[in-house]
Amino acid sequence: TYISRHGLGHAVKTIVAPLTYAIGEAWRAGQLQIYEEHLFTESIHVVLRGAINHIPRASAAPKILLTTFPQEPHGLGLLMAESMFALEGCSTLSLGVQTPMWDIVQAATRQKMDVVALSFSVAMNRQQVQDGLKELRHQLPASIEIWAGGSSSALSRRISEGVICTQALDDIAVEVKRWRALH
């Protein structure tokens with residue numbers, strides 16, 4: 001069903017995000033089979049993508065590139081973030097999951113993005129998150145911000161200068177407002 005513009009953010013924060021966490025925990029505990037987790041993921045993809053497509057296309061800054069590192073196959077967090085960016089009126093370009101570092105850098109610079117937003121699940125290795133974010137910060141122009149979000153424990157500590165870490169979907173609106181105030 002169509003999720004209203006106002007209802008999408010509420011649904012993502014209060015239903016989809018907690019349910020996604022619960023499904024992940026059930027899978028880790030051996031209570032779900034992989035195919036069951038995949039069915040859930042695909043169902044949520046269809047619902048969220050449909051809802052995002054009903055939001056009028058925005059061209060407002062910041063321009064956000066969304067993706068994950070090559071070691072991160074989980075994309076629901078990325079899609080939830082894309083939903084929240086769309087509600088904030090941001091212009092988004094999603095590369096999907098598992099994008100090589102060099103391709104992230106090229107896409108961000110050639111498409112003149114303002115922000116690279118990355119999603120990290122709890123399954124992602126903490127050291128790979130930290131090292132990857134430091135490497136990406138080194139390779140991207142300083143004018144392109146890096147926003148990292150998700151459930152990875154690596155995001156609870158300071159990674160590097162120029163990397164903004166968030167762990168809550170509500171932080172997206174705060175960061176968009178901050179970015180717009182600065183630019």
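The lining of the largest pocket has 25 nonpolar, 17 polar and seven charged residues, where Ala, Val, Leu, Ile, Met, Phe, Trp, Tyr, Cys and Pro count as nonpolar, Asp, Glu, Lys and Arg as charged, and the others, Gly among them, as polar.

Before I go on, this is a predicted model, in which local features need pLDDT of at least 70 and side-chain atom pairs count only at pLDDT 80 or more, while totals for chains, interfaces and linings use all residues. Residues are numbered from 1 along each chain as its sequence is written, and side-chain values use heavy atoms, with hydrogens and water left out.

Back to the pocket. A pocket here is an open set of points on a 1 Å grid over the protein atoms alone, where a 1.4 Å probe fits, with protein on both sides within 12 Å along at least five of seven lines; lining residues have an atom within 4 Å of a point. The volume of the largest pocket is about 1,100 Å³, taken as the space filled by probe spheres set on the points, which are joined across faces, edges and corners. Its lining consists of 49 residues, and T20, L76, G77, M80 and S121 lie nearest the centre. Elements giving two or more residues to that lining are α1 (5-28), α2 (34-53), α3 (76-87), β3 (115-120), β4 (145-150) and α6 (170-182). Helices (H or I, at least four residues) and strands (E, at least two) are DSSP runs, numbered from the N terminus.

Now the helix pairs. The axes of α2 and α3 come within 10 Å and cross at roughly 15°; axes are lines fitted to C-alpha atoms, for helices over the stretch in contact, and angles run from 0 to 180 degrees between N-to-C directions. α2 and α3 are therefore roughly parallel to each other, a label for angles under 35 degrees. On the α2 side, F40, T41, I44, H45, L48, R49 and I52 meet L76, L79, M80, E82 and S83 of α3, contact meaning heavy atoms within 4.5 Å. That contact has seven nonpolar, three polar and two charged residues.

For α4 (residues 101-110) and α5 (residues 126-139), the axes come within 10 Å and cross at roughly 40°. α4 and α5 are therefore oblique to each other. M101, W102, I104 and V105 of α4 make the contact with G132, E135, L136 and Q139 of α5.

Finally, the backbone. A61 and P62 are joined by a cis peptide bond, with omega about 0°, and P62 sits in strand β1 (residues 60-67). Q98, in the loop between β2 (90-94) and α4, has a positive phi near 60°.

Note on methods. Angles under 35 degrees count as roughly parallel, over 145 as roughly antiparallel, 65 to 115 as roughly perpendicular and the rest as oblique.
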